[in-house]
Amino acid sequence: MPPRRTPVVDLARSPHALVRPVPVSAVALEGFFGARLKNNLEVSLFGQWEELERTGRLDNFRRAAGLFAGPHQGRVFNDSDLYKWLEAASFALARGPNPALERLVAEGMALVEGAQEPDGYLDTYYGLERRGERFTNLRDNHELYCAGHLFQAAVAHHRATGSGRLLLVATRLADLICAEFGPPGSGLRHAIDGHEEVEMALVELYRETRERRYLQQASYFVESRGHGLLAGGAYDRSYFQDEAPFRALERLSGHAVRALYYACGVTDLYLETGEAALLGTLERLFTHLMARQIYVTGGVGARHDGEAFGEDYELPNGRAYTETCAAIGSAMWCHRMLAATGEARYADQLEWTLLNAVLPGGSLDGRSYLYVNPLEDDGRHRRQAWYPCACCPPNLARTLAALPGYFYGTQGDDLLVHLYGAGRATFDHLGRELSIVQRTAYPWDGAVELEVQGEGEFAVRLRVPRWAGEASLSVNGASSEVPLRPGSYASVRRRWRPGDRLELTLPMPVRFLEAHPYVPEDAGRVALARGPVLYCAEAADHPGVDLRTLFVAPERPLEAAFGADLFGGLTVLRGTAVARPLDEGWRDRLYRPVARGLASGPAREVAFAAVPYLAWGHREPGAMRVWLGRLGAGA
Ligand SMILES: [Zn+2]
């Protein structure tokens, strides 16, 4: 059987895509990423299915089909959890047969089919006694959001398996939505959903079916936002990104997941229409996000209140909200912007966000999840197996299942390597089968060997990450003259022969990062990074030391050491720091006159260690901090 085309987003016929993704099914990941994907497939997907069953989410579908007599259970948008799970399982099946998972997918699909009403409507909350209320509270009740997740699941399942079963359910609901909603004067309901999602999903459904009405409907929903249709509820219009039309936006605001899904949907629209004003606005929003709104982790959405973006530079650490879903939305947006522009800055941010904001949302063993991702903690915030609002766990599962599809792209004849990680990609390129084998211990080591197994004349373009100064490249052992500019793609064009080898070396010194002076919480503090990985300090490595009184400095170099026994293998930073416990004068007081000179308690040298932030919270409960005191900065 020929391999199926399973791109994360299918841009094969999108006229304004510059870069098109290589399919999920074409890429097998090993090493660091392979281990996470294995746990996702073998542990997370099965564990999440049990939670869907245990918490009544599946019973809601049985109830809508008349097979379960109890009440509707949980949140109004719980259907989306099964849909995200189905999308995750579908992308997982793209990698090969898995009878146990296929059985669950078949059961899930049957539940979805059974819950669909004769006219195509599908939402288990409105399935029975609330049938007359359908589409009456789009602002708060997520009907189109749930529909969007169904569409994405159906598209993924169709791509991965070739089966049209779930796609049929999706198109029947999409047809109903197209017949229900339209602009003033059309005689249809003029309304939009409070939670974006259906926009990008409708574009993908258009790509999968070539039914142009779905693209037009996505455009209608985007154009209808920003005109006050969502006014009057408990939140103001900006919570829903409804404060101004898209092209007038200066910054992302409101609920972070919604804002980023909105940006994804508009980018998908641009990829089909090519409207310059849309791309210009998207670029402006991204630039603003990077300059004033994003955490050093890549996490976004600072505020608990409204799960929202804060003001510019409002980036509290302990009170950071930074929902896992928002990081996922950001990664999805970066992937689409990379497709639209071919610019390495989007691939750079995609990688950083995946490693330092998405992956921390799940435990290394695939059994538990974070919803909120603080940058410092006192030991009370820990991963859980599930949440009453369980948007994040299946969202992480679908992201990991699709992760192989983020690694490579093509631009004309060129092959782009966006992400590094051990594994092999095999796909059709210029009419021939091409394999690229990556041998590397990335992200712990910056030596990446790429072996090209195939023939033809084309360019292989390697991303040189923005942090990679002093990068070097050799081709078949000979040093290359190709310029290697951090934050760009280095292009090696040649007539390739089987066995040709590229050796890219990305030096990974430990980097001490500082924040913009207008971020008050980070003043006088530094964060640690090495290569694409952000680090943090944990109490488990610093017995008897309050992390708030720990100071590091660029003048005290840290050594990177790979520990195979730690968390299944990762690189830890080690060195010394200064612990400066508070002096006795602070006992029972909050303020005092400034002392002459530097006020401080006795300093002592302590052994220091930092672990990757993606692995935080896996040991005995204790404090964690990303931003650490900087020795010499007032201490
Ligand atoms: Zn979430």
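This is a predicted model: local features need pLDDT of at least 70, side-chain atom pairs count only at pLDDT 80 or more; totals for chains, interfaces and linings use all residues.
Let me begin with Phe151. Leaving aside neighbours within four places in sequence, Phe151 is in contact with Ala170, Leu173, Ala174, Ile177, Val198, Ala201, Leu202 and Leu205, where contact means heavy atoms within 4.5 Å. Residues are numbered from 1 along each chain as its sequence is written, and side-chain values use heavy atoms, with hydrogens and water left out.

Phe151 also belongs to the largest nonpolar core, which has 222 residues; Phe151 is listed there among those with the most contacts, together with Trp85, Val112, Trp333, Phe608 and Val626. Such a core is a set of buried Ala, Val, Leu, Ile, Met, Phe, Trp, Tyr and Cys residues joined through side-chain atoms within 4.5 Å. Buried means under 20% relative accessible area, exposed over 50%, and partly exposed in between, with a 1.4 Å probe and protein chains only.

Next, helix H9, residues 212-224. Helices (H or I, at least four residues) and strands (E, at least two) are DSSP runs, numbered from the N terminus. The buried residues of H9 include Tyr214, Leu215, Tyr220 and Phe221. The buried residues of H9 pack against helices H6 (143-161), H7 (165-180), H8 (198-209) and H10 (256-273). After H9 comes Gly226, with a positive phi near 90 degrees.

What coordinates the zinc ion? The zinc ion is held by Glu323 (OE), Cys325 (SG), Cys391 (SG) and Cys392 (SG), at 2.1 to 2.3 Å. Donors are N, O and S atoms within 2.8 Å of the metal (3.2 Å for Na, K and Ca); water is not among the atoms, so sites may look incomplete. Along the chain, the donors follow the spacing E-x1-C-x65-C-C. Cys325, in helix H12 (residues 324-341), and Cys391, in the loop between strand E3 (376-377) and helix H14 (392-402), are 66 residues apart and link distant parts of the chain. Both Cys325 and Cys391 are buried.

Finally, the chain as a whole. The chain has 14 helices and 22 strands. Its C-alpha atoms fill a box of roughly 75 × 70 × 45 Å, taken along the principal axes. Of its 635 residues, 61% count as buried. Among contacts with a separation of 6 or more, 69% are between residues 24 or more positions apart.

Definitions and conventions
The expected span of a helix is 1.5 Å times one less than its number of residues.
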